[in-house]
Amino acid sequence: MTKQYNWAILGCGKIARKFAEDLKLLPNAKLYAVASRSLDRAHEFAVQLGFEKAYGSYIELVEDPNVDVVYIATPHSHHHEHALLSLTYKKAVLCEKAFAINAREAREMIDCAKENNTFLMEAFWTRFQPGFLKAMEILESGELGELKMVRSDFAFNAEKNADLRLYNPDLGGGSLLDIGIYPVFATIMTLGKPSSIKTLPQFGFTNCEESIIMSFKYDNGAMASLVSSFASHSSIQSEYWCEKGYLRLNRRWFANAQICIWRQGMEHEEAVEVAPIEGKGYQFEAAHVMKCLDEGKIESDMMTFEITLNIMNTLDRVRADAGIVYPKHDLPSAN
Ligand SMILES: NC(=O)c1ccc[n+]([C@@H]2O[C@H](COP(=O)([O-])OP(=O)(O)OC[C@H]3O[C@@H](n4cnc5c(N)ncnc54)[C@H](OP(=O)(O)O)[C@@H]3O)[C@@H](O)[C@H]2O)c1
C-alpha cells in the first residue's frame, strides 16, 4: 500500500502558498501542519489551504511526532538554521533555493542530514519540470553537437521596498541568490563548474546587489553569459548554442517552458512538443521527495548534494568577484 506522508510547511509566505496548492495534486501527500512566527498567520494559512494543524513557532512544528517532511519556505538567510532544526528532529527536509547563503552553510546542512540519517534536498523545482528535462535529453543526445555557449536570463522589476526580502541584505537580498541562481543552475546542469568567472554587479538603494552580469569560461572552450536583475523585465529565456544548432527554452524557461530548436540548414525554428501540466509545477519535486522516502534514501539521485554544492560554490565565487557581502553572515568561502 502507498504510504501517505504528513507534510509540514515552515514559514507562511508567498511560495509556501503556491507549494501547498500543488501539494494537493498528490494523493500520497497529506497537508498536515504549518508553522509561522505568528499563530494567527499560521491559523489563517492552515484554514485557507486545508492543513490540519497550525503552530505559532517553528520549534512546535518539528516537535510534532506526526510530521514526516518539512518544506522550508523561509528567506535564504534562515535556511541553514531551519534545516538544522528540522534534521535534528529527524524530519525529512525539502529546502527552498537558494539552499543557503554560502557553501559553508550548505556543507553543514548536508553533514547534518548524514549525521541524522535523514533526507535533505534543495527545492530546485526546475530540475523536475518536464520541459527542462526534455531540453536536457535533447542536449545530451548530441543531435545538436557539442554545447559551446549557454545564454540565460531572469529579471523582473521588483518593488523598491527596503522592508521586503528582495532588497534586505540581512535576508540574503539581491537578485543573485533569488533569481540569478536560475541562470547559474542552467549552466551547472549542462557545462558543470566553470574554470573562471568574471562579473559586473550593480548595487541598488539598500546597497543590495540589484543586477548582475556573469561570464563563465570552461577549460574546453565553452562559455556562459548570464544575467539577473530586479531593475527591469527580461525575456526570461535560456539558450544553448551548439556546434550544429541551438535550443531555446522560451519565456519562464525555468518552469514548464516550450522549447524551440534550430539545426544548421533549417529555414525556421522548430517547436518541440512539451505537454501542459496541472498546477504551477511544484508537485514534481514533492512527488520526487516522497519517492526517495519510499526508497529509504537520504539523498536524491536527481537533485544531488553535489549539484547543490556546485551551485553554492559557484555563487560564492560570483560573490567574491562581484564584492557581494551579506553583513549578518560569514564572508563567502570561495572554494
Ligand atoms: N522555487 C520558487 O519558485 C520560489 C519562488 C519564490 C521564492 N522562493 C524561495 O522561497 C523562500 C521564501 O520566499 P518567499 O517569496 O515566499 O518569501 P516571503 O513571502 O517573504 O516569505 C518568507 C516567510 O519566511 C518566514 N520568515 C522567517 N523568518 C523571517 C524573517 N526574519 N524575515 C522575514 N520572513 C521570515 C515568514 O513566515 P512567518 O512569518 O509565517 O513565519 C515569511 O512569510 C526564499 O528562499 C526564495 O528564494 C522560491
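How many salt bridges does the rule find across the interface of domain 1 and domain 2? The rule finds zero salt bridges there, a salt bridge being a side-chain nitrogen of Lys or Arg within 4 Å of a carboxyl oxygen of Asp or Glu.

The structure is a predicted model, in which local features need pLDDT of at least 70 and side-chain atom pairs count only at pLDDT 80 or more, whereas totals for chains, interfaces and linings use all residues. Residues are numbered from 1 along each chain as its sequence is written, and side-chain values use heavy atoms, with hydrogens and water left out.

The domain assignment, which is automatic or taken from a database, divides the chain into domain 1 (5-126) and domain 2 (130-276), and the centres of these domains, taken over C-alpha atoms, are separated by 27 Å. Contact (heavy atoms within 4.5 Å) joins twelve residues of domain 1 to 13 residues of domain 2. The buried area, that is, the accessible area (1.4 Å probe) that two parts lose on being put together, summed over both, is about 1200 Å² between the two domains, and carbon and sulfur atoms give 70% of it. On the side of domain 1, the most area is lost to domain 2 by H76, F124 and T126, which together account for 47% of what that side buries.

Within helix α7 (residues 175-188), a DSSP run of H or I with at least four residues, numbered from the N terminus, lies I179. I179 is buried, with a relative accessible area of 2%, where buried means under 20% (1.4 Å probe, protein chains only). Not counting residues up to four places away in sequence, I179 touches F154, A155, F156, S228, S229 and F230.

Terms used. Helix = DSSP H or I, 4+ residues; strand = E, 2+ residues; numbered from the N terminus. Buried < 20%, exposed > 50% of the residue type's maximum accessible area, 1.4 Å probe, protein only.
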